[in-house]
Amino acid sequence: MFYEPKKKNHGLPKNPFNSLIVPRPIGWISSVDESGIHNLAPYSFFNAVSYSPPTVMFSGGVGSASDGLKDSIRNIEATGEFVCNLATWDTREQMNKSSQTLPPESDEIVLSGLTAIPSKIVNAPRIKEAPVHLECRYLKSVDIPGWTEADAYRVIFGEVVGIHIKDEFITEEGLVDVIKMLAIGRLGYNDYTRVDSESIFSMNRP
Ligand SMILES: Cc1cc2nc3c(=O)[nH]c(=O)nc-3n(C[C@H](O)[C@H](O)[C@H](O)COP(=O)(O)O)c2cc1C
């Protein structure tokens with residue numbers, strides 16, 4: 001089949017786009033507003049984009065189709081800081097819960113039954129239950145125009161200035177124990193995947 005996204009002529013019951021870029025890592029973004037209220041939300045338009053300095057990005061809807069400017073984006077642009085927490089199998093329900101659209105004064109960390117702990121460098125909190133935290137300093141925003149104002153997105157870039165890995169997730173050989181972490185990723189629709197011993201394989205580069 002072939003379709004042109006703008007014409008919405010895929011003829012399928014649901015938009016297939018999100019099922020074609022899979023699996024997507026989930027940036028579970030914690031931030032704080034200028035009055036000190038914590039915020040947490042998952043973003044699967046998320047990835048690492050460079051090594052030195054390590055840099056990450058995520059993209060959030062800013063138009064009316066996605067309830068206007070996301071609290072995460074507002075907080076990060078106002079304070080210049082955020083943390084990416086690794087979403088795992090053990091925290092999948094809390095991750096999902098933290099995606100609720102709530103007023104800015106709601107603390108999704110508490111509402112999702114999670115624990116906020118202080119970061120070392122930035123003021124945004126970390127999620128205690130996550131095995132990895134990337135402390136980030138805001139770099140820049142890039143606006144992605146929508147077909148209409150309602151569809152617009154904004155990409156947030158951040159430099160990773162501090163990295164926490166829980167010691168129990170480092171093997172005796174000094175490798176990150178990804179199998180033990182059971183990281184989860186986003187597929188299309190309401191589907192997810194999990195990184196575990198069944199799903200990992202290795203290949204040497206030619
Ligand atoms: C797994 C998952 C991935 C999501 N990815 C995105 C995303 O990439 N961009 C986006 O705008 N919303 C995404 N959402 C929805 C946001 O998490 C949701 O709108 C949330 O309320 C935003 O919170 P905030 O306003 O506190 O930032 C995702 C939701 C889930 C469950």
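This report describes the sheet, the nonpolar core and the ligand surroundings of a predicted model.

Seven strands make up an open sheet with antiparallel pairing, and their order is 3-2-6-9-10-5-4. Strand 3 and strand 4 (46–51) are the edge strands, each pairing on one side only. From one strand to the next, the twist averages 35°. Helix 1 packs on this sheet and touches strand 2, strand 3, strand 5, strand 6, strand 9 and strand 10 (153–165). The direction of helix 1 makes about 55° with that of strand 2. At one end of the strand order, strand 4 pairs with strand 5 in the antiparallel sense over 5 bridges. S50 stands opposite T55 in strand 5.

The largest nonpolar core contains 32 residues, and W28, I29, V83 and C84 have the most contacts inside it. Strand 2 (27–32), strand 3, strand 5, helix 1, strand 6 (81–86) and strand 9 (132–144) each supply at least two residues of this core. Strand 6 gives the largest share, 4 residues. Leaving out residues up to four places away in sequence, C84 touches G27, W28, I29, V56, L134 and C136.

Around the ligand there are 19 residues, of which A41, F45, K70, D71 and S72 come nearest. Strand 3 (38–43), strand 5 (54–61) and helix 1 (71–79) are the elements that give two or more residues to this shell. The largest share, 4 residues, comes from strand 3. The table lists the shell by class.

| Class | Number in the shell around the ligand |
|---|---|
| Nonpolar | 5 residues |
| Polar | 11 residues |

Notes:
Residues numbered from 1 in each chain as written. Predicted model: local features only at pLDDT ≥ 70, side-chain atom pairs only at ≥ 80, totals over all residues. Near = placed C-beta within 6 Å. Nonpolar A, V, L, I, M, F, W, Y, C, P; charged D, E, K, R; others polar. Core = buried A, V, L, I, M, F, W, Y, C linked by C-beta atoms within 7 Å. Buried ≥ 20, exposed ≤ 12 C-beta atoms within 10 Å, placed from the backbone. Contact = placed C-beta atoms within 7 Å. Pairing = 2+ DSSP bridges. Axes fitted to C-alpha atoms, helices over the stretch in contact; angles between N-to-C directions.
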